Amino acid sequence: VASNLPTIRLGDLVPIHSPGASGERPDLRRLSDEALLNAANEPRNGDRLKVEPATRRVFDGNGRLYELLRRAEDPNSLITLDTEVSYEPHTRDLSMFGDMEP
Amino acid sequence: MSAPHLTGVDLSERSSDNADAVAAAVVRQALARIQACGDQNGHPVLAKLPRLVSALAQSVEVGFSAAHTPDEALRRLQTHARETRAGTWVDNALRQVPVEFVQEGAAAVLHHMLYQALIELRSAAYEAGIMDAWRWADLVHNVPLQMRLVDAGRTAPDAVLHSIAERAGRLGLEHELTTVLPHGFVGRPSD
């Protein structure tokens, strides 16, 4: 878990789209538990799980989240719903779009 | 469907030599498609946020130079945001740029702001059930972060195109990209 970021219990996260909306993810299925957790906590691209703290909704990283949740149901996996994952807080502010100039 | 209209990059001789510019052009193409969906559906965020950040995307696409620095691009974005009363979105996005991006400089900050705009557009599109806009936003949402790695020499430009092509296949957008991506990328699995 990245030390400078907040963490949250896996089971508390709320995906923003349905599983498989972006298509199948065999690349994530192939990862070991450790590599999958690393892809969530320290992704190479810097695209960490983006979570709105107030709602716990995941704005980026839903593919990884669904795979983590799938593993959490697998008794052979080390990942559980209580596993903590780090996230980057995301606060929406779309209030101005109602009165923006065209 | 007509060929995507792209500006700022010569795609007449598409090759992996200009892969970073092609990737940025795909982002602009996606923004244009999302904006069109927003206009068509009267959705204010989908219609207006792409307009706000398309200049930023163009800056990334044409590349930065001594005459067109990342700092200048950021200043222009802030000025444009003030003029269109969208300053609070820009200020909010700036506050959420992670410290490691800030430490890297204005180019990394711009990449992260563009990424934030794309994930915002993606969620807004999904919530509104405007799935065409959602697919385009999903296709390119992490491209700015990959381009930051290209800038830092931590990944090859071709890898970004492979990633776009792979995602396009999953989203059913391959045919939309055949005129944009260099020959051979569409339909080729990513590494």
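Q: In this predicted model, what share of the contacts in chain B with a separation of 6 or more comes from residues 24 or more positions apart?
A: That share is 65%. To count as a contact here, heavy atoms have to be within 4.5 Å.

Q: How much of chain B is buried?
A: Buried residues are 57% of its 191 residues. Chain B still exposes about 7,800 Å², with 49% of that supplied by carbon and sulfur atoms.

Q: How do you know that the span of helix α6 of chain B is close to the expected one?
A: Set the two values side by side: α6, residues 106-128, reaches 33 Å from its first C-alpha to its last, and 33 Å is what 1.5 Å a residue would give for its 23 residues. Just after this helix, B:Gly129 takes a positive phi of about 70°.

Q: Why is α6(B) called mostly covered?
A: Buried means under 20% relative accessible area, and 20 of the 23 residues of α6(B) are buried.

Q: Why is A:Arg9 called partly exposed?
A: Its relative accessibility is 27%. Partly exposed lies between the buried cut-off, under 20%, and the exposed one, over 50%, so A:Arg9 counts as partly exposed.

Q: What makes the pairing of A:Arg9 and A:Asp82 a polar contact?
A: Their side chains come to 2.5 Å, and the cut-off for N or O atoms is within 3.5 Å. A:Arg9, which sits in strand β1 of chain A, is also in contact with A:Leu81, A:Thr83 and A:Glu84, among others.

Technical notes:
Residues are numbered from 1 along each chain as its sequence is written. Chains are lettered from A and ligands numbered from 1 in the order in which they are written. This is a predicted model: local features need pLDDT of at least 70, side-chain atom pairs count only at pLDDT 80 or more; totals for chains, interfaces and linings use all residues. Side-chain values use heavy atoms; hydrogens and water are left out. Helices (H or I, at least four residues) and strands (E, at least two) are DSSP runs, numbered from the N terminus. The expected span of a helix is 1.5 Å times one less than its number of residues. Buried means under 20% relative accessible area, exposed over 50%, partly exposed in between (1.4 Å probe, protein chains only). A polar contact is a pair of N or O atoms within 3.5 Å; within protein, one must be able to donate a hydrogen and the other to accept it, and residues adjacent in sequence count only if both atoms are side-chain atoms. Accessible areas come from the Shrake-Rupley method with a 1.4 Å probe; for residues, only the protein chains shown count as cover. Lists of a residue's contacts leave out its neighbours within four places in sequence.
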